[in-house]
Amino acid sequence: MVSVYFYLALLLPVVSAHFSITYPYWRGDSFATQYTRPCGGVNVTTNRTEWPLDGGSLSFGAGHPWAITYVNLALGDDETITFNISLIEGFNQTGKGDVCFSKLSIPESLGIADGTNASLQVIQLGELGSSLYNCADITFKKDAKILENDQCKNSSTIGWEQLGSSTTSNPPPSTTDDESAASQTGGAAIFAPGSIAALGFSTMLIATLMGLAF
Ligand SMILES: *[C@@H]1O[C@H](CO)[C@@H](O)[C@H](O)[C@H]1NC(C)=O
Ligand SMILES: *[C@@H]1O[C@H](CO)[C@@H](O)[C@H](O)[C@H]1NC(C)=O
Ligand SMILES: *[C@@H]1O[C@H](CO)[C@@H](O)[C@H](O)[C@H]1NC(C)=O
Ligand SMILES: *[C@@H]1O[C@H](CO)[C@@H](O)[C@H](O)[C@H]1NC(C)=O
Ligand SMILES: *[C@@H]1O[C@H](CO)[C@@H](O)[C@H](O)[C@H]1NC(C)=O
Ligand SMILES: *[C@@H]1O[C@H](CO)[C@@H](O)[C@H](O)[C@H]1NC(C)=O
């Protein structure tokens, strides 16, 4: 069993991938506490990046195969601020690499003025069902600029899927064929959910062991 745990430990860095905000400057390194809401366990700072009044650039480095991603804004500058202003429609961000929005627009109704403080929150909800958080503190300034084009790019490895799109493109198998429906049910009945998970895990472990061996 010792060897199983040894190889399991090797898998952990892959399973617990993280992400970081690269612009505006983030609150700080959240690596150890990134599952903590609302900002990955890092408190508000006074190191604010200046953002244009009608919206600015945001970039982050993504580190997992895919993650449901949201970007929210909170007005104010203390620990009680509420991230309830959505700046994008949630999407499925796929691939590892850099993601950059040249300009996230701010709703005019918010009444942002020169000097208004706020924080941006990026949430990445991963494959395993848990969310990772990071925040960046900003101050709106009338003369602030968005990033230049050469500083704001999406990596070629980065993909983008609308939420729900995979359901539309891969409809579940038809259940009109009685024979195949029956055999699917029969097949599922052989395994309890736990053993299916165990089977999936051992397959993954074997694949990893083979990968290491060759
Ligand atoms: C972060 O803020 C909370 C609430 O104000 C406080 O209890 C906590 O000690 C702070 N953490 C750090 C690392 O400063
Ligand atoms: C914005 O935050 C900075 C520190 O982060 C503070 O010095 C400044 O007074 C705040 N501005 C307003 C308008 O509250
Ligand atoms: C404050 O932000 C700047 C970038 O805007 C960064 O270079 C610097 O390291 C940050 N300082 C701290 C103490 O985090
Ligand atoms: C967001 O939360 C703040 C503070 O609780 C509240 O004043 C504001 O009305 C909320 N805004 C929205 C759009 O829900
Ligand atoms: C996100 O996209 C990946 C790659 O296409 C896909 O495997 C995954 O199921 C998608 N997640 C959701 C929740 O749509
Ligand atoms: C990166 O991709 C997203 C999604 O397609 C897009 O909204 C954004 O504008 C792209 N960024 C740049 C700098 O082209």
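User: To begin, how many helices and strands are there in the protein chain?
Analyst: There are four helices and ten strands in the protein chain. Keep in mind that this is a predicted model. From the N terminus, the order of elements is α-β-β-β-β-β-β-β-β-β-β-α-α-α.

User: Why is Tyr-25 called partly exposed?
Analyst: The label rests on a neighbour count: Tyr-25 has 14 C-beta neighbours inside 10 Å. A residue needs 20 or more to be buried and 12 or fewer to be exposed, so with 14 Tyr-25 is partly exposed. Tyr-25 sits in the loop between strand 1 and strand 2.

User: What is Tyr-25 in contact with, leaving aside its neighbours within four places in sequence?
Analyst: The list is Asn-47, Thr-49 and Ala-136. Arg-48 is 23 residues from Tyr-25 in sequence, and their C-alpha atoms are 7.6 Å apart.

User: Which residues does Ala-136 contact, leaving aside its neighbours within four places in sequence?
Analyst: Among them are Ile-21, Pro-24, Tyr-25, Trp-26 and Arg-27, along with Ser-119 and Leu-120. Ala-136 is also one of the residues with the most contacts inside the largest nonpolar core.

User: What makes that set a nonpolar core, and how many residues does it have?
Analyst: The set qualifies because its members are buried residues of the nonpolar kinds, joined through C-beta atoms within 7 Å. The largest such core has 28 residues, and those with the most contacts inside it include Phe-60, Leu-120, Val-122 and Ile-138. Two or more residues come from each of strand 3 (55-62), strand 4 (66-75), strand 7 (97-105), strand 8 (117-126) and strand 9 (131-141). Strand 9 gives the most, with six residues. Across the protein chain, buried residues make up 21% of the 214 residues.

User: How do you know that strand 4 pairs with strand 5 (residues 85-86)?
Analyst: Two bridges join them, and they run antiparallel. Pairing needs at least two bridges, so strand 4 and strand 5 count as paired. Within this pair, Leu-73 stands opposite Ile-85.

User: Why are strand 1 and strand 7 called edge strands?
Analyst: Three strands form an open sheet in the order 1-3-7, with antiparallel pairing. Strand 1 and strand 7 are its edge strands: each pairs on one side only. The twist averages 30° from one strand to the next. Strand 3 and strand 7 are joined over seven bridges, and one of the pairs across them is Ser-59 with Cys-100.

Technical notes: Residues numbered from 1 in each chain as written. Chains lettered and ligands numbered in written order. Predicted model: local features only at pLDDT ≥ 70, side-chain atom pairs only at ≥ 80, totals over all residues. Contact = placed C-beta atoms within 7 Å. Axes fitted to C-alpha atoms, helices over the stretch in contact; angles between N-to-C directions.
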